[in-house]
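Hi,

Here is the structure I promised to pass on. Have a look at it first, and then read my notes below.

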Amino acid sequence: MRYGGDEIAHKILFDLGLQNKFSNYKILNAGSGFGSDLIEQANLLPNSNFIGIEYNKKYADLSCKIIHALGLESRIKIYCADLSSKYALLKIREKEGLFDGVYSNLAVLHIKNKKLVYDNIYKLMKENCKFRNEDYVSNSFTDIKFAEDKIGCQNLKTISEMHNIAEQVGFKNSLFEDLTSSWREFTKNRAFNYANMQDKKSKIKENFLNDVALFFTSKNGSGGVFIHTK
Ligand SMILES: C[S@@+](CC[C@H](N)C(=O)[O-])C[C@H]1O[C@@H](n2cnc3c(N)ncnc32)[C@H](O)[C@@H]1O
């Protein structure tokens with residue numbers, strides 16, 4: 001479930017320019033999954049506060065339990081909400097105010113209306129802050145149907161379409177770093193490691209990982225990091 005491990009959690013803070021452990025930042029993870037990145041970052045930035053937005057109630061509940069067990073509930077809060085719901089995100093803004101930085105790891109690819117998500121996130125950010133979105137994108141080889149059926153991608157966009165969306169909602173100075181080749185290695189290793197686990201619990205998961213690996217080892221898949229500034 002978690003992509004990239006603690007290394008990514010550190011890199012995100014670097015890319016967002018939020019690394020001063022004495023500062024009191026407010027940071028949002030859009031599509032926070034089990035909350036692992038938030039937990040690692042809460043340890044790195046002991047004076048900062050973190051919010052996760054996670055649509056899947058099971059993941060949201062589990063991450064809350066883990067956060068409580070670690071005694072971090074005063075600094076990490078999880079909302080079970082849909083990133084494409086204007087209403088839900090306005091409610092979060094009313095409660096939490098604006099953020100110093102926002103990131104999302106492999107969540108926007110699953111959401112059909114990417115412009116709405118970008119617009120909702122933009123409205124949660126302070127001026128001059130950054131949104132770091134690590135995401136899949138399509139290229140001229142991408143089999144959109146395969147991506148939809150096997151990876152759960154919805155309405156996948158190209159790099160330039162994502163840049164256009166960012167510009168339309170008001171972001172400026174958007175950058176993109178291509179991570180396709182490192183993702184290829186990562187997905188290949190993950191599928192290989194899972195297939196070699198002695199106690200294989202789920203054939204479904206093994207098939208899913210094989211599909212993801214197949215997607216990324218062919219020309220189909222590409223992706224990387226967008227950094228947009230408000
Ligand atoms: C591939 S997982 C990545 C999870 C986490 N960011 C990580 O790096 O491990 C995608 C996550 O996005 C969440 N998600 C998908 N659609 C969403 C939506 N509309 N609103 C909020 N979260 C969503 C999923 O439930 C899932 O937890």
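**Helix pairs and the ligand site**

α6 passes α9 in a left-handed crossing. Before I go on, keep in mind that this is a predicted model.

For that pair, the stretches are residues 144-151 for helix α6 and residues 203-217 for helix α9; their axes come within 10 Å and cross at roughly 155°. With angles over 145 degrees counted as roughly antiparallel, that makes α6 roughly antiparallel to α9.

I also looked at a pair at the start of the numbering. Helix α1 (residues 5-16) and helix α2 (residues 36-44) have axes that come within 9 Å and cross at roughly 60°, so α1 and α2 are oblique to each other. Here the handedness is right-handed, with α1 passing α2.

The backbone does some of the contacting:

- Gly31 has a polar backbone atom 2.8 Å from a nitrogen atom of the ligand.
- Leu83 also places a polar backbone atom by a ligand nitrogen, at 3.0 Å.
- Tyr55 has a backbone N or O atom 3.3 Å from a nitrogen atom of the ligand.

Cheers

Note on methods:
Residues numbered from 1 in each chain as written. Predicted model: local features only at pLDDT ≥ 70, side-chain atom pairs only at ≥ 80, totals over all residues. Heavy atoms only, no water. Polar contact = N/O pair within 3.5 Å; in protein donor to acceptor, adjacent residues only side chain to side chain. Axes fitted to C-alpha atoms, helices over the stretch in contact; angles between N-to-C directions. Helix = DSSP H or I, 4+ residues; strand = E, 2+ residues; numbered from the N terminus. Parallel < 35°, antiparallel > 145°, perpendicular 65-115°, else oblique. Left-handed = near helix turned anticlockwise from the far one by under 90°.
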